[in-house]
Amino acid sequence: MSGQTLTDRIAAAQYQLTGSDMARAVCKATTHEVMAPKKKHLEYLVSATNTTNVNIPQMADTLFERSTNASWVVVFKALVTTHHICVHGNERFIQYLASRTSLFNLSNFIDKTGSHGYDMSTFIRRYARYLNEKAFAYRQMAFDFTRVKKGAEGVMRTMTTEKLLKGMPVLQTQIDTLLEFDVHPKELNNGIINAAFMLLFKDLVKLFASYNDGIINLLEKFFKMKKSDCKEALEIYKRFLTRVTKIGEFMKLAETVGVDKNDIPDINYAPSSILESLETHMNGLEDVKGGKKGEGSPTKGSPTNNVSPTSTPAKSSNAVPTLQPPPGDGAAAAAAPEPAEDSLLDLDPLSSTGPTAASAAPTSWGDLLGSDAFAAAPAASSEATAAAAEGGAAASSTPATNSGADMFDSMPDSSFSKTDPLPSTDLFSAADLFSSSAPVLSSAPPPKIDTGGIMSLFGAALTQKADYYPCLPSCCAGNG
């Protein structure tokens, strides 16, 4: 069948008599010719959607009327024309389609006039289903995924968690419906189905760009989500992995209809380590009993930071590394009555040496002032003491307890001597001075804490999260 039929000419004349140039252009674009709609008619309809006085409902109703024709050629061209206007026309057109309760009712369409018509009827049903889903997605999201801004400042990258979890399934459903077109190279054998495939291919490139942006946003927010949101996000990511292969196969078919190979985006596949990290984090949330941590707040540590289900709130704090006292001094440190006194003792450089094994531990401030620890202080400043004796001080007639107080007053001179730098002090062994039965104090400094390991625990989640960002197709980075 070639050229316009008599029916096409009569229909065009009828629309011309009614004074509707737009309806006549629709009729011209959907003739019985087995070829894609002519460019001049499509351009006229696209420009008409941008005029203020155009009747959008009339244009859409005329296309719906043409889709009820018995010929697969007319119906297929009506669908191609509708899709072309959705892509290139004013957004008011797809807004009207989204506002309708029903669109193309072609689920049972079949043209039995010939074997070719029978084969094309299958793709007509699939194509109509995709256009219905495209309009339905617009109704749910109030925007077209193929028209929104892409990239770091795009709609899907800046979307909140709540809207993202709502919008990603809608986007996935639209992509699934598009992939169901499922055409093979040998079936791209006429201009109409080739035109439909090219429109679907361009839609898929833009949809995948939005899909990719949404997945990046999802991964960035995953470790901050509550447990219920993490479950939903993990399922979305798993479905993404299964669709990437199908999307790549569909795009490769574009080469068979003349698309330049450089215009077909290369798809990089996500490493399995990302899914493992997400599942490990999810399992950590599942292991928390009672839902206090999993339901309310996200984990702060790495995905491998699992907490036992039987742990109490006091024990669960061990998940975060903290500074602990040396192994031998834990009990004595816990017995210290006042931390403020420990800090005072830390200023005494002699406290790091500790008493000998035979000496008894002092139990009060009075005993401390008269202990051997403070009696050794004059030895560190013997020159100052001798000078005071030669000066005629009444040290010989002073009781021993008074000399202990004088020696305590002279400690700042020896403790902070410029020639004797402050040795390293043991915070926990200083607390033993107040213990009634303290063990032998050690002058060794506390073991060094490996802070690098602590920081790596906090940085692991972010590192794993940022290891992979699905690559944005180069050909659609600027598409809006």
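Okay, quick definition before we start: when I say accessible area, I mean the area that comes out of the Shrake-Rupley method with a 1.4 Å probe. With that in hand, the chain in this predicted model exposes about 25100 Å², and carbon and sulfur atoms supply 54% of that.

So what's the chain built from? Helices: there are 23 of them, and zero strands. The chain has 480 residues, and 41% of those count as buried.

Now let's look at one helix pair. You describe two packed helices by the angle between their axes and the distance between the axes. Our pair is α7, residues 115-141, and α9, residues 191-222. Their axes come within 12 Å and cross at roughly 35°, and the crossing is left-handed.

Which residues meet there? From α7 you've got Met 120, Phe 123, Tyr 127, Tyr 130 and Lys 134. Across from them, α9 brings Ile 193, Ala 196, Leu 199, Leu 200, Asp 203 and Leu 207. Sort the residues of that contact and you get nine nonpolar, two charged and no polar.

Cys 27 counts as buried because its relative accessibility is 2%, and buried means under 20%. Cys 86 sits at 3%, so Cys 86 counts as buried too.

That's my tour, thanks everyone.

Key:
Residues are numbered from 1 along each chain as its sequence is written. This is a predicted model: local features need pLDDT of at least 70, side-chain atom pairs count only at pLDDT 80 or more; totals for chains, interfaces and linings use all residues. Side-chain values use heavy atoms; hydrogens and water are left out. Axes are lines fitted to C-alpha atoms, for helices over the stretch in contact, and angles run from 0 to 180 degrees between N-to-C directions. Helices (H or I, at least four residues) and strands (E, at least two) are DSSP runs, numbered from the N terminus. A crossing is left-handed if the near helix is turned anticlockwise from the far one by less than a right angle, and right-handed if clockwise. Contact means heavy atoms within 4.5 Å. Ala, Val, Leu, Ile, Met, Phe, Trp, Tyr, Cys and Pro count as nonpolar, Asp, Glu, Lys and Arg as charged, and the others, Gly among them, as polar. Buried means under 20% relative accessible area, exposed over 50%, partly exposed in between (1.4 Å probe, protein chains only).
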